[in-house]
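The stops below go from sulfur atoms to a loop residue and then to the rings.

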Amino acid sequence: MTNRRMYFKMIASSILRRKSRVTVALLAVALGAAVLLGLSAISRDIPRQMGREFRNYGANMVFAPAGDNAKLEIRDANRAAAAIPADSLIGMTPYRYETARINMQGYDIVGVDFARARKTSPFWRVDGKYPEAENEILLGADIADFTQLAPGAEMSMTGRAGDGSRYRGDMKVSGIVRTGGVEDGFIFLRLDDLERLAGNPGTADIVELSVAAGTDELNALVSRIGGDASGITPKLVRRVTQSETTALSKLRSLILLVSAVVLALTMICVATTMMTVVMERRKEIGLKKALGADNGGISMEFIGEGVLLGAAGGALGSVLGYFMSEAVSVNVFGRSIAMPWYFPALAVLASVAVTAVACLPPVRRATQVEPALVLRGE
Amino acid sequence: MDILKLANVSKIYGSVKALYEANMSVAGGEWLAIMGPSGSGKTTMMNIIGCMDRPTSGSVLLDGTDVSGLSAPELTHIRRDKIGLIFQQFHLISYLTAVENVMVAQYYHSMTDEGEALRALARVGLEDRAGHLPRQLSGGEQQRVCIARALINYPKLILADEPTGNLDETNEGIVIDIFRRLHGEGSSIIVVTHDPEVAEVTDRTVFLEHGRIAKTVSNR
């Protein structure tokens, strides 16, 4: 048996001999590692998971006409949007704004593809239904309140087309939209209907995009699209992206705080257990010193026990942590967790480091044991 | 040549003189007994001779080296190389087998050698008990493992603290026979004992009283 084997034999036997006491420390380390790994994985995955949740708050990127242009070409917008990864692009909706009159009263009307708008603006609450048939419109809640029009009401709408001619359409209210925002002051109709009435097909005033990505990724996309695309200017909707960043930042701070508390509790538990073990083994430590062990040798034995404990607890905790984060992810976000392969390895390393540090006070106590203890019959 | 020489060695705790002006020498190959009532200074003297404590004053020459002023790490080094310790309560490590308990002393000294550890156990008649844990051994067998452990690094001086104190008469006889054989092979042995029968088989007995050497009696 070599010295190395003797060393491992001593630390492994010592741990196995104190099963009940070491089990408590092992579970503490495992729990700490599980929480650390689980929270780290969730924290890393939150932008991806929450990105889709945040998309319920509306578009976070817009394409505006480039330079002094009043309108943009929808095909330019489609071309520019190709730069966005398909799995990140939740939706893209062109909006075309015009003015029209209903009963001699002027209103802002918006041409939009409602199927697309439901993806980029899922927060719209519609009483009635979205326009589906030709010449159906959606009234903003403020206009509905003002005109006292309800779903099913019919009216005549007039306006001026792009070529200067006048148009007239007999419209029917299919629903009332209520958002609490500017949408309540608009009349929405299908983009096809607006293009048929007012001409200039294939153009829009603005294109709203909903992209599942973090702020840094969005900024990179804006830079890339702005550099490549012609006819459009990409912009971030700061109100939305900033809110997302703030929310994520606070969530991550909370996770960091919880992780720090859990690690501190783990260290206290391990340190307490190891301190008890040292007190129980004073005679054994005294004997080893009497046989010629120096403080370095004694320290290495206890740190070795701590490292073994940390590795075993970290491995157990990694398994628990994976299933914990998977359960949280599936139950809260409805999606599987994306955990990099090296996260469990880092959790084991962190557990080893934490237990090694937690062993330092007990080790110091162990080195203070006097070898003469064994001759006193204490 | 003296393997050990104490010159005016005192150990004083506050106003308590645990050991006072002790002068003693042990020749190479000599077997010495130290006797005395409780509180007479036996343990203090053992600690100082065994390099586990330092005297308040005086000098302790062990195998030609004055250990009285050495630091704790230096004393550890000397203890590891020159002293073989045998305890009344055996102090075997409960989770290691007999042979592994012997190898512990090798481990802290230099390199473990299982063959040599087995030979050490054979010297005390325990070759067939090498794989047993301490709880599977009788008191006498545990003490013999302790003796094998003390011998494994070929110490200059064997220091035994009440080696037969926890043994029955049969095992006491076995242990004394082992000491007798070691003495015959030229080992230097110091035995602290309360038992006059143990003391009388040694070459010489030193009596301690109130921290002082009261008398020295030759047993030959």
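Predicted model: local features only at pLDDT ≥ 70, side-chain atom pairs only at ≥ 80, totals over all residues.

Begin with the cysteines: a search of the whole structure gives 0 disulfides over all chains.

Select A:Cys359 and A:Cys269. How far is the sulfur of A:Cys359 from the closest cysteine sulfur? The distance is 12 Å, to the sulfur of A:Cys269, and that is too far for a bond. A disulfide is counted only when two cysteine sulfur atoms lie within 2.5 Å. Now show the surface around A:Cys359: this residue is buried, with a relative accessible area of 0%.

Move to chain B and select B:Cys51. This cysteine is in no disulfide either; the nearest cysteine sulfur belongs to B:Cys146 and is 18 Å away. B:Cys51 is buried, at a relative accessible area of 1%.

Where does B:Val67 sit in chain B? Its place is the loop that runs between strand 5 (65-66) and helix 2 (72-82). Is B:Val67 buried or exposed? It counts as buried, with 3% relative accessibility.

Then draw a distance from the C-alpha atom of B:Val67 to that of B:Ile49. It reads 9.0 Å, for two residues 18 apart along the chain.

Stay in chain B for two lysines. Select B:Lys17 with B:Tyr20: the lysine lies over the face of the tyrosine, 4.5 Å from the ring centre. Next select B:Lys215 with B:Phe207. Here the charged end of the lysine is over the phenylalanine ring, at 4.8 Å from its centre.

Finish with the aromatic rings. How many aromatic pairs does the structure hold over all chains? There are 10. For one of them, select A:Tyr7 and A:Phe8: the ring centres are 5.4 Å apart and the planes meet at 70 degrees, so this pair is edge-to-face. Planes over 60 degrees apart fall in that class. A:Tyr7 is buried, with a relative accessible area of 15%, whereas A:Phe8 is partly exposed, at 45%.

Conventions. Residues numbered from 1 in each chain as written. Chains lettered and ligands numbered in written order. Heavy atoms only, no water. Phe/Tyr/Trp six-rings, centres within 6.5 Å; stacked < 30°, edge-to-face > 60°. Buried < 20%, exposed > 50% of the residue type's maximum accessible area, 1.4 Å probe, protein only. Lys NZ or Arg CZ within 6 Å of the ring centre and 35° of its normal. Helix = DSSP H or I, 4+ residues; strand = E, 2+ residues; numbered from the N terminus.
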